[in-house]
Amino acid sequence: MNEANSGFLFTFFNPAVAAQYWHEIARGMVVTIGVGAATVVTGVAAGLVLALARATGRAWLRLPVVLFSDITRSLPPLVIIILLYFGLPALGMPLSSFTSTWLSLSLVLAAYAQESIWAGLSSLPKGQMEAARSTGLGWWQAMRWVLLPQALRRAVPPLTNRVIATTKNTALGSVVALSEILSTAQASAAVAGNPTPLTVGAFLYLLVFLPLVFVARTLEHRSSNRN
Amino acid sequence: MSAPILELVGLKKSYGSQEVLRGVELRVRPAELVCVIGPSGSGKSTMLRCCNRLEEPSSGQVVVDGQDITRPDTDINRVRQSVGMVFQHFNLYPHLSALENVTLALRRVQKKDRAQAEAIARDALTQVGLGHKADAFPAQLSGGQQQRVGIARAIALKPKVMLFDEPTSALDPELVDEVLRVMRALREGGMTMLVVTHEMAFAHAVADRVVFMDGGVVAEQGTPAEVFENPREARTRSFIGRYMDAKSASPA
């Protein structure tokens, strides 16, 4: 082993530093998983509700949804997090860093999920709704039993990609002092004077997101097989 | 003569400034098979779709079994259970098996339990000759089989009248007969049917009455013999002419 190599290992894969700080960063991983999971649940659920509101075809429901979706998708998620974290206290509604990160990413995911599910719904032939209604099913029943099952299947590939992208954005919470993986790793690296904690952080990100990517791939595979 | 089970009175429908139906008058009596023919754009399908309010009429009345279903207080989902519809493009639910296509409304609208709904659905599928295909998905069926499942889905609800919107137009020629055969059997079973069709031979041979639509109104109607062999109106003659010429050229 030459000196350049051992310098690299000392800097980025320093066992002593890793041993000292990995507990801290693992706690950050729990926060990352918490914010990420909460975001997926609320974001996808809200996206579904918004897509349904848009599908009613009523202008007073459809237009606000489209407006919300277009604005939210145009703003960088980081800007939304900062707006909520630093802006809302001025309006007398202080949010914790956890809440503002979760809420911001949920809004972003809701907008994208809404688009994916809406695209799935509007790709279905008009005859599906008509056939269902012609047998006496109400609008919601036709949605629930005929259109949504097909639309959600079509929405799976774009939706899983967006879920992964949005949950990775939990790292943006580091800007508002959310103690997730990136911010704990950065803080530890600063204290240690060595970037090894960042390596530990990267490893923990893989630990969290590789399984998620794998699940997404399996889901996509299943949905394409069934179409 | 028995009271009509379906009656259209002064039925009008406009899209913007375009008037598609300009006062359709039509009566269908119980157990009658009425075929509606006419050039494309004559309003046949729009008229049919007004009968279960898939299209909202602009004015006029649609009376089903004595009830004017254009009244705003109509429970349309209830009415639609007694007005079955079969579509040109079948419109089966692709994510459900043939059996589930038929049981869906039985279970979710008529609130029957699974066993009861499946028994009714299997009966309906058997009636269209597809008892053995209950577990097949639409993509695994031929066009003719899909359309027969579409018919089973409608008759399972025991409708008082059935609407057919060009049921064989999307089928390959060799698959048309199996669907027409099922429709003949339905008619012999006493089902009331209103059929928009381009199948002149079927209308000629099987219908009790043929209605010729043109320009958004009923231009002429009568028995198949009257309309096909002795039409009163010049436009009926010219529309029928091509079919009658082809028929005499190749005696079947």
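Tutor: Two strands pair if DSSP finds at least two bridges between them; strands (E, at least two residues) and helices (H or I, at least four) are DSSP runs, numbered from the N terminus. Residues are numbered from 1 along each chain as its sequence is written, while chains are lettered from A and ligands numbered from 1 in the order in which they are written. This is a predicted model, where local features need pLDDT of at least 70, side-chain atom pairs count only at pLDDT 80 or more, and totals for chains, interfaces and linings use all residues; side-chain values use heavy atoms, with hydrogens and water left out.

Student: Which element of chain B has the lowest mean pLDDT?

Tutor: pLDDT is the predictor's confidence in each residue, on a scale from 0 to 100. Chain B has a mean of 94, with 98% of its residues at 70 or more. Helix α3(B) (residues 98–108) has the highest mean, 98, and the lowest, 85, belongs to helix α9(B) (residues 234–249).

Student: For the model overall, what is the pTM?

Tutor: There are two scores to quote here. The ipTM is 0.93, and the pTM is 0.89.

Student: In the open sheet of chain B, which are the edge strands?

Tutor: Four strands line up as β2-β1-β4-β5 in chain B, with antiparallel pairing.

Student: What is the bridge partner of Val9(B) in β4(B)?

Tutor: β1(B) (residues 6–15) has antiparallel neighbours: 8 bridges join it to β2(B), and 5 bridges join it to β4(B) (residues 59–64). On the β2(B) side, Leu8(B) is bridged to Leu26(B), and Lys13(B) stands opposite Leu21(B). On the β4(B) side, the partner of Val9(B) is Gln61(B).

Student: Which residue takes a positive phi in the hairpin of β1(B) and β2(B)?

Tutor: That hairpin has 2 residues between the strands. The residue with a phi near 60° is Gly16(B).

Student: Lys158(B) also has a positive phi; is it buried or exposed?

Tutor: Lys158(B) has a phi of about 55° although it is not a glycine, and sits in the loop between α5(B) (143–155) and β7(B). Buried means under 20% relative accessible area, exposed over 50%, and partly exposed in between (1.4 Å probe, protein chains only). At 63%, Lys158(B) is therefore exposed.

Student: Over in chain A, which residues of α3(A) are exposed?

Tutor: The buried residues of α3(A) are Val65(A), Ser69(A) and Thr72(A). They cover an arc of only 75° (taken from the directions from the helix axis to the C-beta atoms), which puts them on the same side of α3(A). They pack against α2(A) (15–55), α4(A) (77–87) and α5(A) (97–122), with contact meaning heavy atoms within 4.5 Å. On the other side, the exposed residues are Trp60(A), Leu63(A), Leu67(A) and Ser74(A).

Student: How far apart are the end C-alpha atoms of α3(A)?

Tutor: The expected span of a helix is 1.5 Å times one less than its number of residues. The 16 residues of α3(A) (residues 59–74) should therefore span 22 Å, and the distance between the end C-alpha atoms agrees: 22 Å.
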